[in-house]
Amino acid sequence: MTRAQPATGRIFLLSPARCDGIRMSMLRRRAARFPLALELRSVGDVFAFTSGLYFRGKLTYARAFGASWVITPGAGLVEPERRIGPRDLDAWSRVRVELADRRYRRPLERDAQALAGRHPRTEVVLLGSIASDKYVDLLLDVFGERLLFPVDFVGRGDMSRGGLLLRSARSGTELPYGPVRGAVRHGPRPPRLPRLPRPPSVKSA
């Protein structure tokens, strides 16, 4: 964690992507020849490749409205722009994203406490599931009432959340937030989002 000041009065924490799944293993293969696997890449690019629409939505939204850090397996809170390589991915793939795994919990706790101490009055918005026991309780212990989440997340699946975040970022309108503590963690599924309009095609002369 190296960023000194948040871009605005709000900080976003992005929930992690799986590092032991099929898509991540594609990046880790030595024989992989596609561009993302061959080049130095950022945590944001790698996790967006792994999680697709959901993480892409989180990353785009956070970049539009504030400073952000990504929750990682084994490296705590990492800036989305941080460059990583195959060794990082191999190490992260061996860490369980569970608070019972000290390799995951201790770096996350360390960085969350450092962030809280550095920005004692800044709102912290979790872009992830508040029903997850993989990070919510730890973050609540550190940030308390300052830990918020987009209330429109309740009842939505990952794809719907990703689409919602992309729409909000494109419109320049932040979603409403509410405190994680005491929130309803499960709710009825809201109506499906309308399809995004397709960009106009370019006609050749």
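In this predicted model, residues 24 or more positions apart supply 76% of the contacts in the protein chain that have a separation of 6 or more. The chain has 8 helices and 8 strands, and of its 205 residues 47% count as buried.

**Exercise 1. Glu123**

Determine where Glu123 lies, whether it is buried, partly exposed or exposed, and which residues it touches beyond its sequence neighbours.

*Solution.* Begin with the secondary structure, in which Glu123 belongs to strand 6, spanning residues 123–127. Next take the relative accessible area, which is 31% for Glu123; because buried requires under 20% and exposed over 50%, Glu123 is classed as partly exposed. Then list the contacts, leaving aside neighbours within four places in sequence: Glu123 is in contact with Gly9, Arg10, Ile11, Arg146 and Leu148. With Arg10 there is a polar contact between the two side chains, at 3.0 Å. Finally, consider Glu145, which is 22 residues from Glu123 in sequence, while their C-alpha atoms are 8.9 Å apart in space.

**Exercise 2. Strand 7 and its partners**

Describe how strand 7 pairs with strand 6 and with strand 8, and state what is found on its two faces.

*Solution.* On one side of the pairing problem, strand 6 and strand 7 run in the parallel sense over 2 bridges, and Val125 stands opposite Leu148 of strand 7. The chain passes from strand 6 through helix 7 (residues 136–143) to strand 7, a β-α-β crossover that is right-handed. Turning to the other partner, strand 7 pairs with strand 8 (residues 177–179) in the antiparallel sense over 3 bridges, with Leu148 opposite Pro179. For the faces, recall that in a regular strand the side chains alternate between the two faces of the sheet. In strand 7 (residues 147–150), Leu147 and Phe149 lie on one side and Leu148 and Pro150 on the other, and since all are buried, being under 20% relative accessible area, both faces are covered.

**Exercise 3. Helix 3 against helix 4**

Characterise the packing of helix 3 and helix 4 by its geometry and by the residues that make the contact.

*Solution.* Two packed helices are described by the angle between their axes and the distance between the axes. Helix 3 (residues 43–51) and helix 4 (residues 53–65) pack at an angle of about 145°, with their axes 6 Å apart. Helix 3 contributes Gly44, Phe47, Ala48 and Ser51 to the contact, and helix 4 contributes Leu53, Tyr54, Phe55, Arg56 and Leu59.

Definitions and conventions:
Residues numbered from 1 in each chain as written. Predicted model: local features only at pLDDT ≥ 70, side-chain atom pairs only at ≥ 80, totals over all residues. Heavy atoms only, no water. Helix = DSSP H or I, 4+ residues; strand = E, 2+ residues; numbered from the N terminus. Buried < 20%, exposed > 50% of the residue type's maximum accessible area, 1.4 Å probe, protein only. Contact = heavy atoms within 4.5 Å. Polar contact = N/O pair within 3.5 Å; in protein donor to acceptor, adjacent residues only side chain to side chain. Axes fitted to C-alpha atoms, helices over the stretch in contact; angles between N-to-C directions. Pairing = 2+ DSSP bridges. Right-handed = clockwise from strand over helix to strand, strands pointing away.
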